[in-house]
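The notes follow the order in which I looked things up.

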Amino acid sequence: LGVVVERRARAQGTDATLDDICEAEATLADTERIAERVLGSEHPLTAAIERDLINARGAIADREMGYA
């Protein structure tokens, strides 16, 4: 989980590259699958990871469209 927190922080920073955000998205996607399996889809941590994953995917889309 520490790696996820580190990658989330990097992805949220203004100096994050598209590669940083893509790496964070991949890590969050893996973590989400594990959290759902271990904790269940209704667990607050699983829900938080899902929100972060949505935000990371939005940031990627923004970068690819030239909005950020």
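I looked up the pair Arg33 and Asp30 and found a salt bridge, with the closest N and O atoms 2.3 Å apart; the term requires a side-chain nitrogen of Lys or Arg within 4 Å of a carboxyl oxygen of Asp or Glu. Arg33 and Asp30 are 3 residues apart in helix α2, so about one helical turn separates them. I noted Asp30 as partly exposed, at 40% relative accessibility. On this scale buried means under 20% relative accessible area, exposed means over 50%, and partly exposed lies in between (1.4 Å probe, protein chains only).

I record here that the model is predicted: local features need pLDDT of at least 70, side-chain atom pairs count only at pLDDT 80 or more, and totals for chains, interfaces and linings use all residues. Residues are numbered from 1 along each chain as its sequence is written, and side-chain values use heavy atoms, with hydrogens and water left out.

Arg57 forms one with Glu25, their closest N and O atoms being 2.9 Å apart. Arg57 lies in helix α3 and Glu25 in helix α2, so this pair ties together parts that are 32 residues apart in sequence. Is each partner buried or exposed, or in between? Arg57 is partly exposed, with a relative accessible area of 45%, whereas Glu25 is buried at 17%. I also listed what Glu25 touches beyond four places in sequence: Leu53, Ala56, Arg57 and Ile60. Contact here means heavy atoms within 4.5 Å.

**Helices.** I found 3 helices and 0 strands in the chain, in the pattern α-α-α along the sequence. Helices (H or I, at least four residues) and strands (E, at least two) are DSSP runs, numbered from the N terminus. I checked the length of α2: at 1.5 Å a residue its 21 residues should span 30 Å, and the end C-alpha atoms are 30 Å apart, which agrees. The expected span is 1.5 Å times one less than the number of residues. Among the buried residues of α2 I noted Asp20, Ile21, Thr27 and Glu32. Just after α2, Gly40 takes a positive phi of about 95 degrees.

**Core.** Which residues make up the largest nonpolar core? I listed 6: Leu28, Ala29, Ala35, Ile49, Leu53 and Ala56. The elements giving two or more residues to this core are α2 (18–38) and α3 (44–65). A nonpolar core is a set of buried Ala, Val, Leu, Ile, Met, Phe, Trp, Tyr and Cys residues joined through side-chain atoms within 4.5 Å. Ala35 touches Gly40, Thr46 and Ile49, leaving aside residues up to four places away in sequence.

**Surface.** I then turned to the nonpolar patch formed by Ile34, Val38, Leu39 and Leu45, with about 340 Å² of accessible area together. Patches are made of residues with over 30% relative accessible area and no salt bridge, like charges being joined within 9 Å and nonpolar side chains (Val, Leu, Ile, Met, Phe, Trp, Tyr) within 5 Å. Leu45 is in helix α3 and is partly exposed, at 34%.

**Whole chain.** Buried residues make up 31% of the 68 residues. Among contacts between residues at least 6 apart in sequence, 51% join residues at least 24 apart. The accessible surface comes to about 4500 Å², of which 54% belongs to carbon and sulfur atoms; areas come from the Shrake-Rupley method with a 1.4 Å probe, and for residues only the protein chains shown count as cover.
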